[in-house]
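Me: I'd like a close look at one part of this model. Please take me through the sheet and what surrounds it.

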Amino acid sequence: MKHNLNNALFKTRSRILSGLKKIKGILGVGSHLEHEILENLEELLITADIGVRTTQKIINNLENSVHNIDKTDFQAILHALESDLLKVFEKNNQREILPQQQLTECKIPLRVILAVGVNGVGKTTSIAKIAHRYKKQGKNVLLVATDTFRAAANEQIEIWADRANLELIKSQYGADPASVLYDGMISAKKTEKDIVLVDTAGRLHIKINLMEEMKKMNKVIRKNIQPSNIEVLLIIDSTAGHNAVYQAKAFSENLGATGIMLTKLDGTAKGGIVVAIEDELGIPVKLVGTGEGIDDLEDFVPADFVKAILYE
Ligand SMILES: Nc1nc2c(ncn2[C@@H]2O[C@H](COP(=O)(O)OP(=O)(O)OP(=O)(O)O)[C@@H](O)[C@H]2O)c(=O)[nH]1
Ligand SMILES: [Mg+2]
């Protein structure tokens, strides 16, 4: 069964709806002060894990909106909240993963997605989901497995590749990830692939610095491919709370992440983290993971997301 965004956000929505119910309740009892409504809205945003800083920005905007509306009109307050939440996402208007270039030549250039992130966030699963989606669209894709640090890593990606019938380049345990990637790029060019999807390790051998290793791989790709054809996709686990924001900052500063995929939205009541991540990182959330299955992948559409967390 495909878990769509609306289903995935069930827990997040339930939590927000109970906060909204409380606000609706206070509107019913005669005189209620504007600041009381705003305090409750603030509490609601914080409990949804939108974060203090982003919540404060939203509340500042809401102050103006709420001031000008009828304080007994719950629907009007809800609409104001919806529109101020959406404003956070307006800064980023390019949400397409690997936007297809205008073709100036007959030949479509090779494009690459590099999945990065700390261990266990869902890199391997997500890269398999994305590869499967491209394959269904008729694209010629190649998976490159560069997690050579864990003996079981190859096994895991092989299972995905078999299940979805995806071509895979892997390497021996202990091999240099950047050289595996290099071989993958050569092979992709030779066999005229459309898209190369690169899975990386989330945790390396104790003596090797993860960020340095990722930088090396980023360099290998950049040597071969023009920047507009590269997506450095930062994979973030939505159940990790605000820690995720700090991790993401380190990855984006070091690697120039171009997009975010937020995984495990189905497993958290704190889906509001999406809002904090967009606001604090300034990198667009492009995709979300809504389950463990290969089809549990959706494009992130802010208006759908905001509707799914605010309305029953
Ligand atoms: N519920 C849910 N589980 C997910 C989602 N994405 C990944 N997972 C699960 O998260 C766990 C870790 O996923 P992996 O893809 O192995 O994560 P990784 O980042 O590759 O891990 P390392 O290679 O060890 O760093 C697995 O059990 C996945 O099934 C999602 O969107 N929803
Ligand atoms: Mg992995």
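Which residue in S3 does Leu143 stand opposite?

Reply: This is a predicted model. Leu143 stands opposite Leu168 in S3.

Start with the two strands involved. Strand S2 covers residues 141–145. S2 and S3 pair in the parallel sense, over 3 bridges. In general, the strands of a sheet pair through backbone hydrogen bonds, either parallel or antiparallel.

Now the whole sheet. It is open and has 8 strands, in the order S3-S2-S4-S1-S5-S6-S7-S8. The pairing is mixed. Strand S3 (167–169) is an edge strand, and so is strand S8 (297–299). Each of these two pairs on one side only. From one strand to the next, the twist averages 25°.

Next, the helices. Helix H6 spans residues 123–136. H6 lies across S1 (111–116), S2, S4 (195–199), S5 (230–237), S6 (259–263), S7 (285–289) and S8. The angle between H6 and S4 is about 165°. Helix H9 is made of residues 210–224 and lies across S1 and S5. H9 runs at about 175° to S1.

H6 gives the most to the shell around ligand 1, with 3 residues. In total, 20 residues surround ligand 1. The closest are Gly122, Thr124, Thr125, Gly202 and Gly289. By class, the shell divides into 12 polar residues, 7 charged and 1 nonpolar.

Terms used. Residues are numbered from 1 along each chain as its sequence is written. Chains are lettered from A and ligands numbered from 1 in the order in which they are written. This is a predicted model: local features need pLDDT of at least 70, side-chain atom pairs count only at pLDDT 80 or more; totals for chains, interfaces and linings use all residues. Two strands pair if DSSP finds at least two bridges between them. Helices (H or I, at least four residues) and strands (E, at least two) are DSSP runs, numbered from the N terminus. Axes are lines fitted to C-alpha atoms, for helices over the stretch in contact, and angles run from 0 to 180 degrees between N-to-C directions. Two residues are in contact if their C-beta atoms, placed from the backbone, lie within 7 Å. A residue is near a molecule or strand if its C-beta atom, placed from the backbone, lies within 6 Å of it. Ala, Val, Leu, Ile, Met, Phe, Trp, Tyr, Cys and Pro count as nonpolar, Asp, Glu, Lys and Arg as charged, and the others, Gly among them, as polar.
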